[in-house]
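Q: Hello! I have a structure open and would like to learn how to read it. Could we go through it together, one feature at a time?

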Protein chains: 4
Amino acid sequence: MPSARSHKETLFEIIFESDTHSGKWFDIALIICIVISVAAVMLDSIPSIREEYRTVFQWLEWTFTILFTIEYAVRIYCVPNRMRYIFSFYGLVDLVAIIPTYLGLFITDVQYLLVIRILRILRIFRILKLTRYISQAKLLTDALYRSQEKVTVFFFSIFSLAVIFGAAMYIVEGAENGFTSIPKSVYWAIVTITTVGYGDISPQTGLGQVIASVIMVTGYSIIAIPTGIFAAELSQVIRKEKLSRVCPGCKKAGHEAKANYCDDCGAKL
Amino acid sequence: MPSARSHKETLFEIIFESDTHSGKWFDIALIICIVISVAAVMLDSIPSIREEYRTVFQWLEWTFTILFTIEYAVRIYCVPNRMRYIFSFYGLVDLVAIIPTYLGLFITDVQYLLVIRILRILRIFRILKLTRYISQAKLLTDALYRSQEKVTVFFFSIFSLAVIFGAAMYIVEGAENGFTSIPKSVYWAIVTITTVGYGDISPQTGLGQVIASVIMVTGYSIIAIPTGIFAAELSQVIRKEKLSRVCPGCKKAGHEAKANYCDDCGAKL
Amino acid sequence: MPSARSHKETLFEIIFESDTHSGKWFDIALIICIVISVAAVMLDSIPSIREEYRTVFQWLEWTFTILFTIEYAVRIYCVPNRMRYIFSFYGLVDLVAIIPTYLGLFITDVQYLLVIRILRILRIFRILKLTRYISQAKLLTDALYRSQEKVTVFFFSIFSLAVIFGAAMYIVEGAENGFTSIPKSVYWAIVTITTVGYGDISPQTGLGQVIASVIMVTGYSIIAIPTGIFAAELSQVIRKEKLSRVCPGCKKAGHEAKANYCDDCGAKL
Amino acid sequence: MPSARSHKETLFEIIFESDTHSGKWFDIALIICIVISVAAVMLDSIPSIREEYRTVFQWLEWTFTILFTIEYAVRIYCVPNRMRYIFSFYGLVDLVAIIPTYLGLFITDVQYLLVIRILRILRIFRILKLTRYISQAKLLTDALYRSQEKVTVFFFSIFSLAVIFGAAMYIVEGAENGFTSIPKSVYWAIVTITTVGYGDISPQTGLGQVIASVIMVTGYSIIAIPTGIFAAELSQVIRKEKLSRVCPGCKKAGHEAKANYCDDCGAKL
């Protein structure tokens, strides 16, 4: 069956790649569908708009869900390594992007989870040939990956701090000042350490305000820690990446990520 | 017409440059006009003051608008390359700085947009010969330009996060706790991720507070990312700028931006 | 008494180390106890849950306290250097983790301080052989230690600023706008400088809002200082640690913390 | 009059230096006076405490003011270069620390400005021979001084942004949503850009919330700029300081600020 194979291959080129003319148009159409469908879900949640356009939104939701379901089936059909696609990041997002509509038949309000479709737009970087953006995103992810262990230690410390300070505030302020339980006080401590500060709960007693000040200054200064970690790792990743760009002509290393030609011998990188 | 040409050139020197005596005085007068006109617009918006001085403010607004309109016309008249001026940053600001008054004849409240005139003060850096400030501003802009791609990727991720978390909170908290629609919940998610935290909307249910805590800690840690990016790029820009300062005497490179003399042979840089 | 000594040593291996089979299981059991006991204390503080399960929680609290008391006694019994253990960080945490229950017999609400037990979970890093995490935590602590003097200077400046700005706001705004005393105004100034911004107290007069703006911009820019200090110190610590990793084979220095083999001669590091 | 001169010199040693026994005790007594006097001013502002101890606080205030006035007079008397002392930072603080009490005879509430006395505690760094702290503070000040031009450009941009965004919000939201005038809207824009977010004023309309989101994300990302500037400058200052520490024995440069001995030849630095 050479014809069937080439049929599959053509489909693969159109759906998964964007080098061909039809592949490009397919991707652009897909992105337009995604944007419209996410916008529809968001507008659908505004009471005054829902009242008026309920049927339009339901029609849109089902249309896009069926389209995306067909697309998902075709993707599985034409991809060479099925398991790898299904359990890849994009494969899972493609699946999660259609489930809520079907779930909505049984459970109420679940259809709003369709906004997860916005993650499918990440494909836009691939389509628009924004490889530079992808390589930049990779730099960030690398630096994040390298910071991972330090950041885990950091988060565990933050959480411990929030629990201990939260319990202290629960004892000091008590339920009459809004600190109705330790879990709620821990929530307040996180709101404070992260310097968000809603103000829905705030200390009223003198001692409580002193403890709160300590928490705030602590939070304000430990904000420095993840920044420092990330900045240090990022500059190492950037240096490494520069060193790994070697000119094919004169073998000079250390070219910048944006350089297209070797600044020594002029050869294309 | 050599006289006409020199007339144009004299005007150009006065209006666009500030090396001559009259050029300097023109610029200083212009800045005073800008400051007074912006202050007038701001004061005009305070109800108690507007009541009393309404006519004074209207008179000021029209006087400055007419002055700036004449100035704009003269600028176009005397500039050698008209199109380039009109579509330059300063040319557009000069135009936008006079339009709102005329629009105000037809539409109400538009005159407050006159505060855009404050951007014209950016000329102050040029007039006061604060070239060092300009070169510093250029360093910052360079670093920002170099961070651009990484920052675009970063903002797209932030926005996706806000949409997904916003939809989740809309389902969990619902309209009775202030999360009346997904767009409003997305607004809340942005307020939280950026650690602004107005507190006009805040989670009331236990699950909502847990999700909110996750958003806050996420926001608190990703604050590190643009800082890391910018710091890494800025230090590269500063290093480059130092390397590009070569002593004309002994050819030593690597002088600091603030150095006026070569620290090796003493030649003026 | 060789048997007594080896008995002590066996206990020491089980309780303090986690290389043996029983040592590992002891540690895992301990962590489960800690998690359950902290969760019980937190849930106990929620009024609706306390009503229903009061006796369960009291029973849990006393069970765990007695277990931890026995464990503490056995630790003191089998550790070779008793004084060093008792006054070590873990020794003090182990003691503090049992005291509140006994204090609770005399003073009300103190039992909530039991959440301090969460600090005992720090042992988890040791048990799971997460030595890499420990070495990362050490990097952070080193950088913090090196930043210590700069940060002390910094905090003293912040506190002085808060006192002076707080007193100014007390005079400008006065008790009728919520600034009822200087200590309270200082609390407000700290809330503002750290960009937490609860909004429980906020300036109402024009002059007060101008001063508040100055405080905010000050706080916003000095956030840069601890970050800068910490980032600079952390990158020095990381560089030093890399330099101190010398290959036993070829003596090449400068291996990364994550590297397991020398990238030059392939010897195990 | 050699005796008079040496009398002056003895006074100078006691008051201005802390190498002698009496000089040290004078400084410690002074610091205790400052702390008590600032604490008294702060407590005096709490209504319930003022009621009860009014006479105590008035007596304390006048006692300390008279003591500090005498001290100021003696300082002027015994200092060799009077003008230089009077117009130095400490000289001005010494003067400002006594004026408010005398002003309080004519104007009400001014005595609270006495908290400015807290700045006199900065002498503590000198007394406790915390020269290392002073040198660290100098590092910070140096880095701040080097960042100065970049930061000026940065603040002017922030202020322009706040004015333009403030005016836009005033038009969009209007007085009925709390944006009663442009100055107040500018205040709100500053509260938002700095991520303080009191929530006393917050956007209510959809368009207003979209503009607010843009301001927040802008503020969130430009927080990176001063941090990046400061971190880059600080690391340059630290590197320079290391290079300037040269071993007197073997002339090796690049010793760390904390090193007491040359790590190459062991000579004292």
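A: Gladly! Let us begin with a pair on one helix: Glu71(C) and Arg75(C) are four residues apart in helix 3 (residues 47-78) of chain C, so about one helical turn separates them. Keep in mind as we go that this is a predicted model.

Q: Why do residues three or four places apart in an α-helix point the same way?

A: The general idea is a matter of turns: an α-helix has 3.6 residues a turn, so residues three or four places apart point the same way. In our case, Glu71(C) and Arg75(C) form a salt bridge, with the closest N and O atoms 2.6 Å apart. Both Glu71(C) and Arg75(C) are buried.

Q: Which residues are joined into one network by salt bridges that share partners?

A: They are Glu71(A), Arg75(A) and Asp94(A). Arg75(A) and Asp94(A) are both buried.

Q: How far apart are the closest N and O atoms of Glu71(B) and Arg75(B)?

A: To read a salt bridge, look for a side-chain nitrogen of Lys or Arg within 4 Å of a carboxyl oxygen of Asp or Glu. For Glu71(B) and Arg75(B), the closest N and O atoms are 2.6 Å apart, and the two form a salt bridge. Both residues belong to helix 3 of chain B, four residues apart, about one turn of the helix.

Q: Let us look at a whole chain. How many helices and strands are there in chain A?

A: Chain A has eleven helices and zero strands. Of its 269 residues, 46% count as buried. Chain A exposes about 12,900 Å², and carbon and sulfur atoms supply 67% of that area.

Q: Which residues of chain A does UniProt list as "transmembrane region"?

A: An unreviewed UniProt entry lists residues 25-43, 55-74, 86-106, 112-130, 151-172 and 210-232 of chain A under that name. We can then compare an annotation with the model. Residues 25-43 of chain A are 100% helix and 0% strand, with end C-alpha atoms 27 Å apart. Residues 55-74 of chain A are also 100% helix and 0% strand, and there the end C-alpha atoms are 29 Å apart.

Q: Which residues of helix 5 of chain A are buried?

A: In helix 5 (residues 89-96) of chain A, they are Gly91(A), Val93(A) and Asp94(A). Seen down the axis of this helix, the buried residues fall within an arc of 165 degrees, so they line one face. They pack against helix 3 (47-78) and helix 4 (82-86) of chain A.

Q: What about the surface? What area do the residues of the nonpolar patch have together?

A: The patch has about 920 Å² of accessible area, and its residues include Trp62(B), Leu95(B), Leu103(B) and Phe106(B). The elements giving two or more residues to the patch are helix 3 (47-78) and helix 6 (99-103) of chain B. One member, Leu103(B), lies in helix 6 of chain B and counts as partly exposed because its relative accessibility is 34%.

Q: And Thr65(B): which residues is it in contact with?

A: Leaving aside neighbours within four places in sequence, Thr65(B) is in contact with Ile98(B), Thr101(B), Tyr102(B) and Arg117(B). Thr65(B) is found in helix 3 of chain B and counts as buried because its relative accessibility is 0%.

Q: Which residues does Ser213(D) touch?

A: Here a contact can reach into another chain: not counting residues up to four places away in sequence, Ser213(D) touches Tyr187(B) and Ile190(B). Ser213(D) has its place in helix 10 (residues 206-222) of chain D, and it counts as buried because its relative accessibility is 11%.

Terms used: Residues are numbered from 1 along each chain as its sequence is written. Chains are lettered from A and ligands numbered from 1 in the order in which they are written. This is a predicted model: local features need pLDDT of at least 70, side-chain atom pairs count only at pLDDT 80 or more; totals for chains, interfaces and linings use all residues. Side-chain values use heavy atoms; hydrogens and water are left out. Buried means under 20% relative accessible area, exposed over 50%, partly exposed in between (1.4 Å probe, protein chains only). Contact means heavy atoms within 4.5 Å. UniProt positions are given in the numbering used here, feature names are shortened, and annotations may be inferred rather than shown by experiment. The arc is that of the directions from the helix axis to the C-beta atoms. Patches are made of residues with over 30% relative accessible area and no salt bridge: like charges are joined within 9 Å, nonpolar side chains (Val, Leu, Ile, Met, Phe, Trp, Tyr) within 5 Å. Accessible areas come from the Shrake-Rupley method with a 1.4 Å probe; for residues, only the protein chains shown count as cover.
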